[in-house]
Amino acid sequence: MNMIEASRVVYEYAHYDEDGNIDEIKRAVDGVDLDIQKGDFVAILGHNGSGKSTLAKHLNAILTPREGTVWVDGKDTKDEGKIWEIRQSAGMVFQNPDNQIIGTIVEEDVGFGPENMGVPTKEIWERVEESLKAVNMVKYRHHSPNKLSGGQKQRVAIAGVVAMHPQCIVLDEPTAMLDPNGRKEVIRAVRALNQVEDITVVLITHYMEEVIYADKVIVMDEGKIIMQGTPREIFSQVEKLKSCRLDVPQATLLAYELKQAGLKLPDGILTREELVEELCRLKQNT
Amino acid sequence: MSLKAEHINYIYSAGTAYEIAALRDINFEIPDGQFLGLIGHTGSGKSTLVQHLNGLIKATGGQLYFNGEDIYREGYSMRELRSQVGLVFQYPEHQLFEVDVLSDVCFGPLNQGMSKEAAKERARAALRMVGLGEEYESRSPFELSGGQKRRVAIAGVLAMEPQVLILDEPTAGLDPRGRDEILDQLAALHREKKITVILVSHSMEDVARYVERIIVMNQGKILYDGEPREVFRHYEELEQVGLAAPQVTYIMHALKASGLDVDENATTIREARETILQAFRKE
């Protein structure tokens with residue numbers, strides 16, 4: 001069953017000159033087809049300006065396509081009567097946690113969404129409890145959000161979305177402003193949501209290490225999807241990724257360099273454990 | 001000619017119930033022309049420390065010397081210090097405000113009392129240093145990409161021709177290419193202009209690749225101070241305080257533990273490649 005489907009989606013930003021006339025039109029998304037299954041963990045990669053955030057905003061109807069169609073759980077995002085249902089089934093988490101938190105106490109912040117949806121009080125508390133559990137933040141429920149670290153704040157923001165019981169969560173560079181520890185905490189929480197709660201995840205990021213656990217990786221450049229496949233398939237193409245301003249994980253890059261220098265390593269090594277294992281095997285065979 | 005800290009302490013809200021020591025007994029000397037990395041997790045005191053170095057925050061105890069002069073002595077010109085020690089804040093592009101790129105970069109030199117013409121010359125030179133050509137001068141800074149905006153903001157500080165350039169997480173939020181461009185330009189600037197560069201960063205990979213010395217901050221104190229390979233040797237201790245070593249360090253230690261004869265203190269891809277190839281050639 002499709003969670004999200006997109007067909008030939010086009011979105012353009014208009015640029016106005018001083019007199020208010022359109023002097024340039026920029027195509028941010030250019031003919032994108034998408035097919036995201038329920039329960040998938042999909043990562044979208046691309047450099048700044050590649051169109052990935054614009055595409056993400058289509059996945060819960062913040063933007064609607066100029067051409068083509070996006071369906072979220074079978075509903076056309078252009079159908080204004082369905083917009084609240086769509087936003088409830090696909091929640092969104094943004095880059096800066098400080099812009100997403102409104103409550104003065106963690107549990108109130110998390111309860112805001114369900115309260116707004118008209119969920120009965122008793123159930124709101126149940127949802128707050130389970131959402132904070134899902135992101136491992138229960139012990140901070142009575143804290144003030146502005147005393148939390150970046151990673152903790154971002155997990156509160158995620159809990160706020162989880163409390164609305166979405167089928168899908170779209171995260172637009174949720175770790176870009178965090179330190180390494182905060183990044184780890186957030187990614188761990190996101191993976192748990194996918195694996196334990198079976199929530200579909202669309203993760204947009206620059207950090208290649210966060211992508212290696214995804215079921216599918218989509219690479220965007222100039223508004224188009226230029227590569228898609230499993231992490232292993234994508235990261236075997238080091239040259240191509242570099243040419244579209246992206247990195248590969250460090251273990252992959254080291255393996256690639258060693259291979260260039262003549263060591264007989266397989267393509268698509270993703271983790272340091274794999275690299276160590278392959279090198280040891282190679283050493284035994286020489 | 002150097003930056004020297006002696007027993008620097010900084011206590012927030014001293015004498016109240018909310019008293020917090022942000023910096024405790026900080027000592028170091030940074031010689032001219034060094035490329036230094038300052039690392040530590042959020043809240044470790046690194047941003048507080050760099051704001052001391054150009055006098056934005058005054059220590060509650062200890063001395064700070066710039067070129068041998070005590071900056072806390074009476075009559076010391078903080079204005080002069082701030083033009084010599086340039087600080088680029090986190091997300092500096094939020095501070096762009098002028099109608100075009102050239103005017104924005106001219107702001108610092110004009111403020112230093114330079115003539116319009118001289119300021120423009122400085123600004124042009126600074127823009128070239130960050131890799132922005134003439135075609136950018138008349139554009140609105142708000143129409144540029146994230147990485148370009150950030151380079152304009154860095155040029156704004158470079159135009160004051162500081163002897164010391166401090167950057168607080170200059171690559172946060174940039175894509176990999178944008179990150180490499182900025183770091184490569186900083187490295188070139190350091191090489192050619194011989195200025196001191198202090199890079200505050202969360203990325204161990206970046207720090208390992210570019211700097212010659214690392215200071216690690218933890219809970220307001222200096223935990224380690226040395227060359228990257230020295231500092232990353234303590235990767236287990238670094239993890240305990242919420243940091244990590246570069247990915248390569250872990251790979252090298254695992255290889256060593258599995259019996260491969262490699263230099264486990266390699267910290268960059270290039271070093272790792274060399275020592276692994278050597279281990280294979282020995283056979």
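1. In this predicted model, strand β8 (residues 196-200) of chain B is largely enclosed by the rest of the structure, because 5 of its 5 residues are buried. B:T196, B:I198 and B:V200 point one way from the strand, while B:V197 and B:L199 point the other way; all are buried.

2. On the pairing of this strand: β8(B) runs parallel to strand β7 (residues 164-168) of chain B, and 5 bridges join the two. B:D168 has B:V200 as its bridge partner in β8(B). Between these strands the chain passes through α6(B), and the β-α-β crossover from β7(B) to β8(B) is right-handed.

3. Strand β3 (residues 35-39) of chain B also pairs with β8(B), in the parallel sense and over 4 bridges. Here B:V200 is the bridge partner of B:L38.

4. The contact between the chains takes 29 residues from chain A and 32 residues from chain B. On the chain B side, α5 (146-158), α6 (176-193), α10 (247-257) and α11 (269-281) each supply at least two residues. By class, that side of chain B has 16 nonpolar, 11 polar and 5 charged residues.

5. Chain A is assigned two domains, domain 1 (2-245) and domain 2 (249-286). Their C-alpha centres lie 33 Å apart. The contact between them takes 9 residues from domain 1 of chain A and 8 residues from domain 2 of chain A.

6. Which helix gives the most to the side of domain 1 of chain A that touches domain 2 of chain A? Helix α7 (residues 231-235) of chain A does, with 4 residues. The residues of this side of domain 1 divide into 5 nonpolar, 1 polar and 3 charged.

Technical notes: Residues are numbered from 1 along each chain as its sequence is written. Chains are lettered from A and ligands numbered from 1 in the order in which they are written. This is a predicted model: local features need pLDDT of at least 70, side-chain atom pairs count only at pLDDT 80 or more; totals for chains, interfaces and linings use all residues. Two residues are in contact if their C-beta atoms, placed from the backbone, lie within 7 Å. Ala, Val, Leu, Ile, Met, Phe, Trp, Tyr, Cys and Pro count as nonpolar, Asp, Glu, Lys and Arg as charged, and the others, Gly among them, as polar. Domain bounds come from an automatic or database domain assignment. A residue is buried if 20 or more other C-beta atoms lie within 10 Å of its own, exposed if 12 or fewer, and partly exposed in between; C-beta atoms are placed from the backbone. Two strands pair if DSSP finds at least two bridges between them. A crossover is right-handed if, with the strands pointing away from the viewer, the path from the first strand over the helix to the second runs clockwise.
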